[in-house]
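This briefing is written for a reader who is meeting a protein model in detail. Please keep the sequence and the structure in view while reading.

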Amino acid sequence: MVSDSDESADLSWLLNDDETQLSPCIQGRSNETVQDVASTSSLMPHFLAMGFAREMITKAIEESGDGNSESVLDLLLIYSSLDGTTSRNEDKAESDENRWEDDASSDFDEMDLELEMAGQDSISNKLQFLVKMGYDQDEVSSAIQRCGENASVFELADSIYAAQTEKEEEFGDCDPSSAHEQKDEDKYDPFLHDHKRQRFDDGASSTHRNDNQKHGHLKWAYGRPSTTIRRHEGGGDDDREAELFLPNSMVGFGLPMDPKRQLSRELPDVAQCPPFFYYENVALAPRGVWDTISRMLDDIPPEFVDSKYFSAACRKRGYIHNLPIANRFHLKPVPPQTILEAFPSNQAHWPEWDKRTKFNCLQTVVASSKLTEQIHAELKAHPNPPSPDVMKRVMKECRKWNLIWIGQNRVAPLEPHEVEFLLGFPRDHTRGISRTERYRSLGNSFNVDTVAYHLSVLKGIYPNGIRILSLFSGIGGAEVALHRLGIKMTAVLSVEKSLSNRNLLNSWWKETGQEGELQEVDDVRKVDDAILECFIRRHGGFDLVIGGSPCNNLTGSNRLHRVGLQGEHSSLFYHYYRILSRVRYLMGKH
């Protein structure tokens, strides 16, 4: 997944040559135009659910005139592109002006860190903390039993809320005397509430609302964004809100070593025909983003996965795809699962009070030398071990910037080749471009081991090779994953804006002796029917459409322009949708 950070999204594909008429409706694989998803009277709630402003929708409906939802969507995308031009200094939000002030952009649990640094991360203190937040003591005890003693406070709170929701859905007003009975078959299953949408209407119980408020309070205390989805049903503006909470463990449909993993799922008919598609983006996106993406990609719910189960670094991502989920397998050799397994030589300098076993999400930028020098001076000026306050400050920066110990009281950011190793790329895969570009490209890439686990099902389906449309290719994470799986790529149409990234992928393609044809396009906005038809005629079609559009306007670290799918970069998702739709239609013609 690459960040197109230097130009705004061009939605000229919505217009014809003279720019006075809207283009025809996108057609599906059945060679029929896409039908209206709602009547004119219901277009307002439909597009409100997609995150567009009411005034903008009203204007688009009036100008469209024919009540066609596709025409209205075209106009809305054009308006968003014209009105969404914001400051382009997003990199400055994480510049070398690294400071020690509080920051809400981290993927780790701030409250867990405070408990840990105070030596109070025991079961009893977690229990006391959650009880103080308003949860019942028996509920907390049951959550600890379900999730394990090492579960974070955040995970325990999510488990309690999930259990409360399941009881209300399955049993209604259950008997309090039996509310906390625990049977073996009732043990916590992370899939049970993965995509469950509990609806609230005017008749919702005050007890449920209070529980929901408690959970929201805890999320606020952690500095985490709420993952809320607004669903609109029926006509008019009568809508009901629902909350979608990310699963505690974020293992998707399960891991290779998990005996309880899910092995089947139901897909809509439209998603059961070729080609396969695979879309990725950040899990902790603003409200409604994943609902919109899911709605446009055949209403398939996201599979949320944290790459900490595949590597020594966390990376919380959502994946929407129509791939089979049975018979997945892990890449071999299995990569190191902890920091010190990955970098054993650093153990000699690792202080006992740094309890990290995993890196935080690998970013597109790293800490400045000014920050690491400041940490060194701070530690040198204090006894060993330092005071709890100093520990807390240092650990906060170490977690935020993924700093590693390289000497006594000395920390440093990960080197580019170390980030390559953690993400599953070959050593020096990004060598040849500037250091800054290497970090940016790696930070925007796939975690190869995680993606390879999902793509592993294709090995048995395509023993003679696979034809790929790789959108937002970046440094070739998808291609590297397929190569490491031993899946031959007979033809690849790679779409990537960055020249340096295209050069890296091209070099890797030649160095690894790929026999298939690699065709490159420098912008998703240039991918039209002519390019797609040429590839389809030459190679017979696509077997896989894969990519992750820019997350610049979605990620929690981008506090200034975290505006969702209407951002100038994140709106490029609609080109993924457009191109997938055209591929389906064109393949249906041949």
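The points below treat aromatic pairs, nonpolar cores, selected loop residues and backbone geometry in turn.

The model is predicted. It holds 14 aromatic pairs, and its largest nonpolar core has 68 residues.

**Aromatic pairs**

- A pair of aromatic rings is described by two quantities, the distance of the centres and the angle of the planes.
- Among the 14 aromatic pairs of the structure is the one between Tyr278 and Tyr319, which is tilted, with 5.5 Å from centre to centre and 35 degrees between the planes.
- This pair links distant parts of the chain, as Tyr278 belongs to strand S4 (residues 276-282) and Tyr319 to strand S6 (residues 316-321), 41 residues apart.
- Both Tyr278 and Tyr319 are buried.
- Phe535 and Phe542 form a stacked pair, with 4.3 Å between the centres and 5 degrees between the planes.
- Phe535 counts as buried because its relative accessibility is 1%, under the limit of 20%.
- Phe542 is likewise buried, with a relative accessible area of 1%.
- Ring pairs also join Tyr279, Trp290, Phe304, Phe573, Tyr574 and Tyr576 into a cluster.

**Nonpolar cores**

- Which residues of the largest nonpolar core touch the most other members? They are Leu455 and Leu458, within a core of 68 residues.
- Helix H12 (residues 388-401) gives the most to this core, namely 6 residues.
- The core draws at least three residues from each of domain 2 (273-322 + 445-590) and domain 3 (339-423).
- Apart from its neighbours within four places in sequence, Leu455 is in contact with Tyr278, Leu323, Ala481, Leu482, Leu485, Ile487, Leu544 and Ile546. One of these contacts, Tyr278, is also a member of the tilted pair with Tyr319.

- The buried residues of H14 are Arg438, Tyr439, Ser441, Leu442 and Gly443.
- The cover over these buried residues includes helix H13 (416-423) and helix H18 (499-511).
- Asn447 is placed in the loop between helix H14 (435-443) and helix H15 (448-455).
- Is Asn447 buried or exposed? Asn447 counts as buried because its relative accessibility is 3%, which is under 20%.
- A polar contact of 3.0 Å joins the side chain of Asn447 to the side chain of Thr450.
- Leaving out residues up to four places away in sequence, Asn447 touches Ser307, Ser311, Arg315, Leu422 and Leu423.

**An exposed loop residue, Glu149**

- Glu149 is found in the loop between helix H6 (137-147) and helix H7 (153-171).
- Glu149 is exposed because its relative accessible area is 56%, which is over 50%.
- When residues up to four places away in sequence are not counted, Glu149 touches Ile123, Lys126 and Ile144.
- Of these, Lys126 is 23 residues from Glu149 in sequence and 9.6 Å from Glu149 in space, C-alpha to C-alpha.

**Backbone geometry**

- Most residues other than glycine have a negative phi, and most peptide bonds are trans.
- Pro274 and Pro275 are joined by a cis peptide bond, with omega of about 5 degrees. Pro275 lies in the loop between strand S3 (239-243) and S4.
- Another cis peptide bond runs from Lys332 to Pro333, with omega near -5 degrees. Pro333 is in the loop between S6 and helix H10 (339-342).
- The loop between S6 and H10 also holds Asn327. Asn327 is not a glycine, yet its phi is positive, at about 65 degrees.
- Asn327 is exposed, with a relative accessible area of 68%.
- Asp428, in the loop between H13 and H14, has a positive phi near 65 degrees and is a residue other than glycine.

Conventions. Residues numbered from 1 in each chain as written. Predicted model: local features only at pLDDT ≥ 70, side-chain atom pairs only at ≥ 80, totals over all residues. Heavy atoms only, no water. Phe/Tyr/Trp six-rings, centres within 6.5 Å; stacked < 30°, edge-to-face > 60°. Helix = DSSP H or I, 4+ residues; strand = E, 2+ residues; numbered from the N terminus. Buried < 20%, exposed > 50% of the residue type's maximum accessible area, 1.4 Å probe, protein only. Polar contact = N/O pair within 3.5 Å; in protein donor to acceptor, adjacent residues only side chain to side chain. Contact = heavy atoms within 4.5 Å. Core = buried A, V, L, I, M, F, W, Y, C linked by side-chain atoms within 4.5 Å. Domains from an automatic or database assignment.
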